[in-house]
Amino acid sequence: MSAPAAEPLVQVEDLHTYYGKSHILHGVSLHVGRGEVVGLLGRNGVGKSTTLKTIMGLVPPAQGSIRYEGRSIAGTPPHVLARHGIAYVPEDRRIFRLLTVMENLRTGLDRRGVTDARRRELLEQVFASFPVLAERRNQAGGTLSGGEQQMLAIARAMMLEPRIILLDEPTEGLMPRMVAQIREIVDTLQRQGVAILLVEQNVPLTLAASRRIYIMEKGVVRHHCAAAELSVHDPIIQQYLGV
Amino acid sequence: MDLILGFVQSAPVELIIVQTINGIVTGMILALVASGLTLIFGIMDVVNFAHGELFMLGAYCGVVVFALTGNFWLALLTAAFLVALFGAALQIVTLRPLVGRDPLTTILATFGTSLILQNYALWQFGPVSRKIGEPITSQFTLFYLQYPWYRIAVALLSAAIIGAFYLFLKHSKFGIWIRATTQDRLMAQAMGIPVPWVLTGVFAFGAALAAASGVLFAPLGGVYHTMGLDWVLKAFIVVVVGGMGSLGGSIVAAIFISLLEAYASIWVSPAQAVIVSFVALILTLLFRPTGLFATPK
Amino acid sequence: MTAVAPDAGPLAAGQGAAAAPVLRTERLTVRFGGLAALNQVDFAVGRGEIRAIIGPNGAGKSTFFNCVTGVLRPTSGRILFNGEDITGLPPNLISRKGIARSYQITNILPNATALENVRIAAQSRRHGWNMFRHHRAFRDLTERAEGVLEAVGLLSKAQELAANLSHGEQRNLEIGIALATEPTLLCLDEPTAGMSAAETRETMQLIRRIARELTILIVEHDMPLVMELASRITVFHYGEVLADGPPAEIQKNTRVQEVYLKT
């Protein structure tokens, strides 16, 4: 594995996070380069979501460093990170149920320094990628189906014009057709130069969409390699993700 | 005995109409006070025991500005603005450090603040009640009474303020920020909404609403350092009956309770009429404890 | 899919694990609105087994535990404990019948000592109204509590406030509290959540030790632990039993692999 030529976009080193006394992250280290899709695999409870939440500042790290574009961001409040290009799409989507689709998008769109023209552009782009959201733009978020809510969650994040999206299990609970759609979205975002840290349990999708893979177990990274070096039937996959 | 005499002597229909108007006037002021309270609770989960004192401070501010300028409307706007600033400062100093802690701590903090403010007002302005002259002194004939136009103006103005605020919440960018923060504070942050400032802003708004009610009420009842107590107690009843966090619920409940009291005071003294508010509170807690219009979260 | 032969007669008594199941469910179903969290589940666990329940997210493992421990009332079907129908009984009665449970989020009393925590649980088994018997029963309970603490490896920390214990020790105390109610069936809900590798190994040994006298149901995500500890594994998927068998069999089951890897 050759080191990335440029400074990585996000660099996490020896991260320790607790929920009360529960020691969830026991020293996680990983990095994501500009425009890279990096997969983070592992079973339930190993700390994948906690890693994303710690990077996003939603949970304070007890130890370790988090660097974004070379600067330390540990302790920075989430709303500041969102304005500087880090977007977070949580595991249970968490769209604003009582706001309309349009209002959900506006929470990301109404930022300082965005011209009206740019706003219209972003909306057009997102409605082109997700026509169903255009159809339902005045409907309350809570009335959308699971797959539609997932799309809204991703679209909402895209309104922030992020440099990296922390994407937590986007395909969980979705039908195969929607899973394919998520794969397309990840590819499109990558082509646009957006980096993605993709937490998933769907192994084939993650191997296909990512450039590099980290595998976690019990709060640490146990394996790190290029996605091309792994296949679904690899014993490493069986060991850390199978039964 | 009073009851029967009252019954016999009153001219029911006319009296009921007069009391209806009175009830609505008081109800609208109460709605204004209660909306600030329910807004603060809905977003921040803070039970603001200092809300009555913000009402009282607004009234005193109005007294001072009115004495200086003679202009009632200027007094109203200035009082609302100054108390909003004060409310923001109060929230930053006493409540922001308590975010995420046991709700009991915020109750203690706001209760302590109310005591401080009451005693400050007593020290600053003395125990004698002050007055603000009504901006509209004309009256109209309502049956056997000369009814002040000002009272009608107060009701209309309160409705206008609440209406404007509702539109603001529904359509403006800050309104969306406030509604998003109420529903999911964490994701609001993840979307770049500066949640700590949204909370401060909401507290300031609530304070402004309380202050405006204080100035509007001042010509009707006089300004004294404990005037907040009566109103905040009723406002809490309104918030509980209407449903904590529901703006519409507070308005309906405020008018409902004020009407009940107004009707009750046809037969009993106003001091005793207050009992109906408490009866309404108890019935709500027994049968529909989340309130009549509780917001789904 | 039943794991053991049904009813036991006096002849079956000497045949070890193949005797009457300690816990059995018949067509257990839980519906939330239109969604079936559990769908016609037939399950049985024999005496002395360590049975692991695994499955991906949303498979119904917690729902199953909640039904068995009386926290959730099933929509239809039956739950039989030692042959007795316990379907729909409230948690306190189920506890009296001999089913105990530990929770995913630690449930101990932080301001009591480890000994006191366990003793309070033990006390629930010696309920009496007579205040005068109090002193003698007290010593009895303390001895029982100390025995439990020893079984979970916390006897040296008996006088320590529970809040001061390490996370791993607190999780083991949680198991001890369940143990103190003298159960015949112990349900453990992700007992090693948030533990380091070392603490996990200790807890695994603890469970092995206490398993000699009990039947254990354990929900876990830690696969190496499950494979080493369990005598038998049941795999849940979308509210149904997908597979059921000894660890080696489950590991070779391609359908289970598919479900876990989403292939």
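Chain C of this predicted model contains nine helices and ten strands, where helices (H or I, at least four residues) and strands (E, at least two) are DSSP runs numbered from the N terminus. Of the 263 residues in chain C, 44% are buried, a residue being buried if 20 or more other C-beta atoms, placed from the backbone, lie within 10 Å of its own. Among contacts in chain C with a separation of 6 or more, 67% join residues 24 or more positions apart; two residues are in contact if their C-beta atoms, placed from the backbone, lie within 7 Å.

The contact between chain A and chain C takes 20 residues from chain A and 19 residues from chain C. On the side of chain A that touches chain C, E2(A) gives the largest share, four residues. The elements giving two or more residues to that side are tabulated below.

| Element of chain A | Residues |
|---|---|
| Strand E2 | 22–32 |
| Helix H8 | 203–209 |
| Helix H9 | 235–241 |

By class, the side of chain A that touches chain C has seven nonpolar, nine polar and four charged residues. Ala, Val, Leu, Ile, Met, Phe, Trp, Tyr, Cys and Pro count as nonpolar, Asp, Glu, Lys and Arg as charged, and the others, Gly among them, as polar.

Residues are numbered from 1 along each chain as its sequence is written, and chains are lettered from A and ligands numbered from 1 in the order in which they are written. Local features need pLDDT of at least 70 and side-chain atom pairs count only at pLDDT 80 or more, whereas totals for chains, interfaces and linings use all residues.

Technical notes:
Buried ≥ 20, exposed ≤ 12 C-beta atoms within 10 Å, placed from the backbone.
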